[in-house]
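Please keep the sequence and the model open while reading.

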Amino acid sequence: MTDQDESHDARAGVAFTDIYVDDDIVDRVSDTLRSTRYVKGERVERFEAAFADRCGTDHAVGVNSGTAALLLSMQSAGIGPGDEVFVPGHTFFASVSPVLHLGATPVFVDVDPRTCTMDPDDLAAKAERAENPTAVVPVHLYGQLADLDAILDVADDHDLTVVEDACQAHFATRDGHTAGASGDAGAFSFYPSKNMTVGGDGGMLVTDDADLATRARRLRDHGRDEEGVHREVGLNYRMSEVSAAVGREQLDRVQEWNDARAAAAARYDGLLAAVDGVETPTVADGAQHVYHLYVVQVPAADRDPLRDYLAARDIETGVHYETPAHQHPAVAERVGDVSLPRTEALCDRIVSLPMHPRIAPEDVETVCAAVASYFEGKQGGVAESEPDDPADSGTTESDPEEPTDTSPARTDGGREESQ
Ligand SMILES: Cc1ncc(COP(=O)(O)O)c(C=O)c1O
């Protein structure tokens with residue numbers, strides 16, 4: 001048993017996520033440290049080649065975050081002031097901040113409330129009305145691809161550059177598309193809670209466009225070309241050799257982890273199907289979801305009470321995301337009032353339940369039993385935050401401890417594990 005296993009076993013309740021590390025990964029890190037080659041080395045090159053191969057793209061460019069991968073995708077594609085870039089309102093802030101950073105204008109698109117991804121009809125309507133439509137950023141949220149077939153059609157009609165935000169969707173597929181590989185560029189995050197990590201922040205840009213890849217490599221290294229000449233103003237977005245060493249190891253395991261996430265999701269789906277008040281995630285026909293997050297929808301009035309009820313039983317949850325991207329002050333001050341009725345309603349209904357590759361079947365059962373008991377209690381008019389008698393909870397596994405403070409079990413407060 002590793003140190004990690006021991007600390008995991010000692011933890012009470014159900015954790016929202018879990019980071020995997022083993023001796024092979026630790027060995028790769030110490031090999032790299034001992035090599036004293038920390039940047040611009042062969043490990044980054046090998047990781048890039050293996051990642052491109054896995055995505056089916058011609059190029060991959062390792063960078064130091066998913067945000068950098070998005071920014072360099074857009075900048076290398078020439079997006080800048082005056083350009084209108086279509087982005088979903090329902091996403092993490094970093095899908096939008098690079099657009100603002102480049103001086104372009106985000107145009108917010110509503111979502112399909114079942115899949116929580118960009119609605120291609122709303123995109124088409126907004127592209128029709130736009131003065132300078134330039135690019136679109138489909139976000140493959142929670143681990144499921146947006147409807148790329150339809151979005152690529154709109155992009156063709158309006159000559160839009162497509163930058164896929166695949167930060168939550170490593171190797172998810174839909175209708176023959178692999179996340180990140182069908183647009184002009186795709187961006188991945190290796191933030192620690194993602195489906196694979198580099199043991200810290202990291203990101204990868206993938207593309208089939210050789211010129212875009214060359215420019216991204218230059219921009220990540222102070223705009224410097226292979227002769228050492230600064231051709232344009234870039235910054236330092238380089239991936240470290242230690243990160244690449246961890247990422248290369250994780251790449252070999254991510255499929256197995258994605259499969260384990262899907263098995264946990266299937267267990268959740270089965271156990272929650274009969275719970276009135278809970279809508280389990282919709283997987284589009286032709287989609288292979290990789291469940292970065294397992295997000296259910298509940299009536300808006302129940303969302304926070306349900307989270308408190310679960311927190312009281314030491315079950316961690318999250319909300320991704322409470323505030324739509326267009327309503328954050330830093331965005332609203334640039335774009336003014338935007339109305340996305342489906343996004344705004346969705347943000348009040350969503351709860352992310354614990355999900356990671358090593359979640360035990362008994363933990364999924366514990367979570368589902370607690371969710372069911374919340375809604376059953378409500379029907380009898382008694383859903384309260386105090387834990388039930390465990391004998392009534394429908395599970396024989398680890399009884400939730402008496403809570404003293406419910407706040408640690410709510411993970412949307414900036415914990416590293418939930419972003
Ligand atoms: C949808 C989405 N886009 C972009 C990012 C940014 O990635 P990073 O945190 O690696 O910069 C994230 C990661 O949290 C994300 O979930």
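This is a predicted model: local features need pLDDT of at least 70, side-chain atom pairs count only at pLDDT 80 or more; totals for chains, interfaces and linings use all residues.

Phenylalanine 86 has valine 136, in β6, as its bridge partner. Strand β2 covers residues 84–88 and strand β6 covers residues 133–136; the two run parallel and are joined by three bridges.

Both strands belong to an open sheet of seven strands, with the order β1-β11-β10-β7-β6-β2-β3 and mixed pairing. The edge positions are taken by β1 (59–63) and β3 (105–109); each has a single partner strand, so one side of each has no neighbour in the sheet. From one strand to the next, the twist averages 25°.

## The three-stranded sheet

A second open sheet has three strands in the order β9-β8-β12, and its pairing is antiparallel. Here β9 (177–178) and β12 (287–288) are the edge strands, each with a single partner strand, so one side of each is left without a neighbour in the sheet.

Strand β8 (residues 173–174) pairs with β12 over two bridges in the antiparallel sense. Arginine 174 has alanine 287 of β12 as its bridge partner.

## The chain as a whole

The chain contains 14 helices and 14 strands. Of its 419 residues, 52% count as buried. Among contacts in the chain with a separation of 6 or more, 72% are between residues 24 or more positions apart.

Is helix α9 enclosed or exposed? Ten of the eleven residues of α9 (residues 241–251) are buried, so this helix is largely enclosed by the rest of the structure. The buried residues run through Glu241, Val242, Ser243, Ala244, Ala245, Val246, Gly247, Arg248, Glu249 and Gln250. They pack against α2 (23–35), α3, β1 and α10.

Phenylalanine 47 gives a residue-level view of this region. Its place is in helix α3 (residues 42–55), and it counts as buried because 26 other C-beta atoms lie within 10 Å, where 20 or more are required. Leaving aside residues up to four places away in sequence, phenylalanine 47 touches Gly62, Ala244, Gly247 and Arg248. Valine 246 is 199 residues away from phenylalanine 47 along the chain, yet their C-alpha atoms are separated by 9.2 Å.

## Helix α14

Helix α14 (residues 361–379) has 19 residues. From its first C-alpha to its last it reaches 27 Å, close to the 27 Å expected at 1.5 Å a residue.

Which residues of α14 are buried? They are Asp363, Val364, Thr366, Val367, Cys368, Ala369, Ala370, Val371, Ser373 and Tyr374. These buried residues pack against α10 (254–272), α11 (300–311) and β14 (350–353).

## Around the ligand

The ligand is surrounded by 16 residues, and the closest of them are Ser65, Gly66, Thr67, Cys167 and Ser189. By class, this shell has nine polar, five nonpolar and two charged residues.

## Backbone exceptions

Most residues other than glycine have a negative phi, and most peptide bonds are trans.

The peptide bond from histidine 320 to tyrosine 321 is cis, with omega near 20°. Tyrosine 321 sits in the loop between α11 and α12 (329–335).

Lysine 40 has a positive phi, near 55°, and lies in the loop between α2 and α3. It counts as exposed because it has 12 C-beta neighbours inside 10 Å, and 12 or fewer is the limit for that class. Histidine 222 also has a positive phi, near 60°. This histidine lies in the loop between α8 (210–219) and α9. With 15 other C-beta atoms within 10 Å, histidine 222 is partly exposed.

How values were computed
Residues are numbered from 1 along each chain as its sequence is written. A residue is near a molecule or strand if its C-beta atom, placed from the backbone, lies within 6 Å of it. Ala, Val, Leu, Ile, Met, Phe, Trp, Tyr, Cys and Pro count as nonpolar, Asp, Glu, Lys and Arg as charged, and the others, Gly among them, as polar. Helices (H or I, at least four residues) and strands (E, at least two) are DSSP runs, numbered from the N terminus. The expected span of a helix is 1.5 Å times one less than its number of residues. Two residues are in contact if their C-beta atoms, placed from the backbone, lie within 7 Å. Two strands pair if DSSP finds at least two bridges between them. Axes are lines fitted to C-alpha atoms, for helices over the stretch in contact, and angles run from 0 to 180 degrees between N-to-C directions.
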